[in-house]
Amino acid sequence: MRPPRETSAGYLFNHLARLFAQALQERIQPLGLSIGVFPIMLHLWEEEGLTQKQLVQRVGIEQGTMANTLKRMERDGLVFSQRDLSDGRRREIRLTEHGWSLRSPALRIAAEQNTYMLSGLTKEEQAQILALVTKIIRSVENSVISEKEARADRASSHRTNGETR
């Protein structure tokens, strides 16, 4: 019988993610980037001017963690925040010139790391695993969204029922 950790998708995905993160961390550290900053940079390289709230939703970390990370990123000269011209209440996170200059080398390093991590698979297997992992992620994300909506509906129903008593 195989040990549970060899048959647990959660354990295996977590272990693979940690191996990937450790290897990527070693390679991006000379650029002044960390594994905690990298997902934020990816989103800002794709779409600059996101708000802190938007980054929290896209990266999937807590508000407090995001606030602290953005402060460190600002201190390190990667980003700055500015008021949104169309809505002065909002603050947009923008990349500095230095933040933009890291895009090409960081993405190259990440692509090389992806290639290395998948190098033991055929091209067909690589395509399959990426498609399957993407399918799992979408399924989990949809389940989380559905559960949040169901909780909101239940809470609304309880409030409504409580008001009519």
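1. The protein chain has eight helices and three strands, where helices (H or I, at least four residues) and strands (E, at least two) are DSSP runs, numbered from the N terminus. Read from the N terminus on, the elements follow the order α-α-α-β-α-α-β-β-α-α-α. The radius of gyration of the protein chain is 20 Å, well over the 15 Å that the globule rule gives for 165 residues, so the chain is more spread out than a compact globule; the radius is taken over C-alpha atoms, and the rule is 2.2 Å times the number of residues to the power 0.38.

2. On the basis of the work, this is a predicted model, in which local features need pLDDT of at least 70 and side-chain atom pairs count only at pLDDT 80 or more, while totals for chains, interfaces and linings use all residues. Residues are numbered from 1 along each chain as its sequence is written, and side-chain values use heavy atoms, with hydrogens and water left out.

3. As to overall dimensions, the C-alpha trace of the protein chain spans about 65 × 55 × 25 Å along its principal axes. Of the 165 residues, 21% count as buried, a class that means under 20% relative accessible area, as against exposed for over 50% and partly exposed in between (1.4 Å probe, protein chains only). The accessible surface of the protein chain comes to about 11700 Å², and 54% of that surface belongs to carbon and sulfur atoms; the areas come from the Shrake-Rupley method with a 1.4 Å probe, and for residues only the protein chains shown count as cover.

4. On charge, the protein chain has 24 positive and 20 negative side chains, and the centres of the two sets lie 4 Å apart. Here Lys and Arg count as positive and Asp and Glu as negative, with His and the chain ends not counted, and each charge is placed at NZ of Lys, CZ of Arg, CG of Asp or CD of Glu.

5. The three strands form an open sheet with the order β1-β3-β2 and antiparallel pairing, two strands being paired if DSSP finds at least two bridges between them. The edge strands are β1 (50-51) and β2 (79-83), each of which pairs on one side only. Strand β3 (residues 91-95) pairs with β1 over two bridges and with β2 over five bridges, and within the latter pairing Phe-80 stands opposite Arg-94 in β3.

6. Thr-51 lies in strand β1 and has Glu-92 in β3 as its bridge partner. The residue is buried, with a relative accessible area of 11%, and, not counting residues up to four places away in sequence, Thr-51 touches Arg-90, Arg-91 and Ile-93.

7. Which residues does Leu-78 contact, leaving aside its neighbours within four places in sequence? Leu-78 is in the loop between α5 (63-75) and β2 and counts as buried at 2% relative accessibility; its contacts include Leu-33, Val-37, Met-41, Met-73, Arg-94, Leu-95, Thr-96, His-98, Gly-99 and Leu-102. Leu-78 and Leu-12, by contrast, are 66 residues apart in sequence and 33 Å apart in space, C-alpha to C-alpha.

8. Trp-100, in helix α6 (residues 97-101), is partly exposed, with a relative accessible area of 35%. Leaving aside neighbours within four places in sequence, Trp-100 is in contact with Leu-44, Trp-45, Glu-48 and Leu-95.

9. Gln-29, in the loop between α2 (9-28) and α3 (38-46), is exposed with a relative accessible area of 51%, and its C-alpha atom is separated by 30 Å from that of Arg-83, 54 residues apart along the chain. Glu-124, in helix α8 (residues 123-164), counts as exposed at 56% relative accessibility, and the C-alpha atoms of Glu-124 and Gln-63, 61 residues apart along the chain, are separated by 39 Å.

Key: Contact = heavy atoms within 4.5 Å.
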